[in-house]
Amino acid sequence: MKASSAKYLVGQGFKGIWKNKMMTFASFCILLVSLLMVGISCLTAISLTRVIGGIEDQSEIVVIVKDGASDSDMAALEEKLHSIPNVNTVSLYTKEEAWQNMLKGMTEEEKDFFQYADDNPLPDTYKLTVKDIQIMNDTTTQIETFDFVESTQSPTAFADILINIRRIFSIVAFAVVLALVVVSLIIISNTTRASVFARRKEINIMKYVGATNSFIRIPFFIEGMIVGVAAAGCALLLTKFAYEGVYNIFNDTFGIWSILGMQNLYSFDDLLLPVSVSYLVAGALIGAVGTSISTGKHLRV
Amino acid sequence: MVEFKDVSVTYSSSGVDALNNVNLKINDGDFAFVVGPSGAGKSTLIKLVLKEIDATSGTVLVNGFNLKKLRRGKIPALRRTIGVVFQDFRLIPTMTVYENVAFVLRVIDAPAKYIRSRVPYVISLVGLSKKAKCYPTELSGGEQQRVALARALVNDPKLIIADEPTGNIDPELSYEIVELLKGINECGTTILMVTHEHDLVRYFGGRIININKGSIAFDEVIGGSNESK
Ligand SMILES: Nc1ncnc2c1ncn2[C@@H]1O[C@H](COP(=O)(O)OP(=O)(O)OP(=O)(O)O)[C@@H](O)[C@H]1O
Ligand SMILES: [Mg+2]
């Protein structure tokens with residue numbers, strides 16, 4: 001194709017937008033909303049995963065060993081713990097270490113009081129980290145059946161809540177995203193239909209003088225892409241404001257949030273590249289596919 | 001060159017047999033009038049040549065293309081060898097005369113430089129150089145049809161087909177249009193013109209193809225009254 005033709009086709013694409021201002025605007029809006037919803041859903045999912053990941057790293061199962069276990073009993077237990085597939089790391093926290101640590105945290109008076117206690121009342125413990133927090137419950141149940149295990153402690157309740165939130169959120173987000181993509185495609189293909197209808201005489205003549213279908217389609221295609229890219233640009237800006245607003249809430253007011261692992265959130269700058277690329281690709285793609293759906297049918301002359 | 005061999009057309013939607021076993025040959029450089037009563041099948045013939053419809057049976061050859069074997073994707077190649085003029089002009093109202101003509105060359109991806117020299121030339125051929133910047137609504141019916149003619153001419157087709165090109169304009173101006181077509185024909189372009197106006201046919205003479213109820217009733221060359229003057 002010649003440069004002059006390319007220029008002509010792009011020009012026609014822009015003209016189409018202007019001729020169908022209202023419908024183009026409708027397409028733009030629905031695409032903007034769709035991209036925003038999709039984007040925010042994805043960012044929330046990413047953040048949730050990140051937070052849960054942080055909790056996974058931190059959350060330990062504490063295995064309390066029965067008093068009176070011998071060194072060889074301990075070694076056997078440690079081996080068994082290692083052999084559980086979901087167990088990531090195993091570290092021994094001896095009663096001496098626990099004692100020393102406890103003393104460190106005490107005031108002088110308390111230390112004086114305990115210094116002469118002849119027996120260390122604390123148990124030996126193992127601290128385990130897990131690979132998958134979702135099956136932590138099963139893991140602890142298994143450990144409790146081992147010999148010389150007094151009891152276990154684990155933050156399973158909290159993990160369960162987070163995991164449930166993530167699961168429900170994923171389902172809802174997926175449904176919303178799917179619905180919006182379908183709606184956008186329908187609206188955009190209708191816009192194009194109106195645009196094609198407005199120019200049907202022109203298209204009819206183009207067919208008679210031997211224009212190829214692709215030549216006739218390109219301006220509509222470009223029209224759709226421009227709308228898609230414009231919507232992506234706006235969506236990116238809005239997402240940035242929204243995300244940073246939320247991010248600042250979690251980061252400025254530490255306290256409660258840091259317990260939940262919220263300080264681990266990505267900053268928007270970390271996400272800028274993937275988010276903008278996905279928006280542009282999704283916007284242009286939905287715009288282009290939406291226009292193709294309706295131009296195909298109208299070109300059979 | 002246009003050739004029909006045993007061509008029949010039945011419209012499946014209405015069940016009408018629009019053409020029955022038509023055999024016809026129009027050689028390069030010919031000028032032929034196609035006449036006949038309404039509903040005879042004249043427009044059907046034109047649609048076949050443009051491959052807007054396909055023959056139900058028989059073979060249609062146009063400018064070296066066998067239309068039965070022509071794939072959809074090759075239809076533009078066929079149509080680039082044909083110029084079309086319609087009764088209702090079919091100009092684009094939002095484009096000037098110049099743009100209406102230049103548009104044809106743009107859609108077939110012609111070089112910009114060629115467009116700049118070819119379009120004014122063709123517009124001058126139909127005598128509208130002074131109106132090149134006007135919009136179709138600012139022109140008379142005869143002038144609009146001349147623009148349509150310029151548009152049909154601009155990519156230098158081998159064949160021009162005109163379906164009642166004088167149907168919507170004053171009878172006096174009809175002669176002007178046919179004169180223009182005759183002039184184009186003298187430069188070597190084949191012309192196939194459908195008309196209802198018997199006066200026009202009698203005046204110019206030439207090859208007359210009369211279609212009646214889907215069959216060729218009459219296909220002969222007659223002398224025109226203008227030549228006897
Ligand atoms: N698209 C169509 N679908 C069904 N039947 C059609 C169609 N087009 C034409 N016909 C029928 O085919 C027959 C021939 O029509 P055609 O248009 O070729 O006539 P014509 O000779 O051009 O008439 P006119 O002089 O009125 O333009 C008519 O009976 C018409 O009703
Ligand atoms: Mg007709």
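Student: Which residue is the bridge partner of B:Val2 in E4(B)?

Tutor: This is a predicted model in which local features need pLDDT of at least 70, side-chain atom pairs count only at pLDDT 80 or more, and totals for chains, interfaces and linings use all residues. Residues are numbered from 1 along each chain as written, chains are lettered from A and ligands numbered from 1 in the order written, and side-chain values use heavy atoms, without hydrogens and water. Strands (E, at least two residues) and helices (H or I, at least four) are DSSP runs numbered from the N terminus, and two strands pair if DSSP finds at least two bridges between them. Strand E1 (residues 2-10) of chain B runs antiparallel to E4 (residues 57-62) of chain B, joined by 5 bridges, and the partner of B:Val2 is B:Val62.

Student: Which strands of chain B stand at the edges of the sheet?

Tutor: The open sheet has 4 strands with antiparallel pairing, in the order E2-E1-E4-E5 (chain B). Each edge strand has a single partner strand, so one side of each lacks a neighbour in the sheet; these are E2 (17-26) and E5 (65-66) of chain B.

Student: Which residue in E5(B) is the bridge partner of B:Val62?

Tutor: E4(B) and E5(B) pair in the antiparallel sense over 2 bridges. Their hairpin has 2 residues between the strands, and B:Asn63 takes a positive phi near 45 degrees there. The partner of B:Val62 in E5(B) is B:Phe65.

Student: Why are H3(B) and H4(B) described as oblique to each other?

Tutor: Axes are lines fitted to C-alpha atoms, for helices over the stretch in contact, with angles from 0 to 180 degrees between N-to-C directions. The axes of H3 (residues 97-107) and H4 (residues 112-125) of chain B come within 10 Å and cross at roughly 130 degrees. Angles under 35 degrees count as roughly parallel, over 145 as roughly antiparallel, 65 to 115 as roughly perpendicular and the rest as oblique. The two helices are therefore oblique.

Student: What area do chain A and chain B bury between them?

Tutor: Contact (heavy atoms within 4.5 Å) takes 18 residues from chain A and 22 residues from chain B. Buried area is the accessible area (1.4 Å probe) that two parts lose on being put together, summed over both. Of the area, 59% is on carbon and sulfur atoms, and the total is about 2,000 Å².
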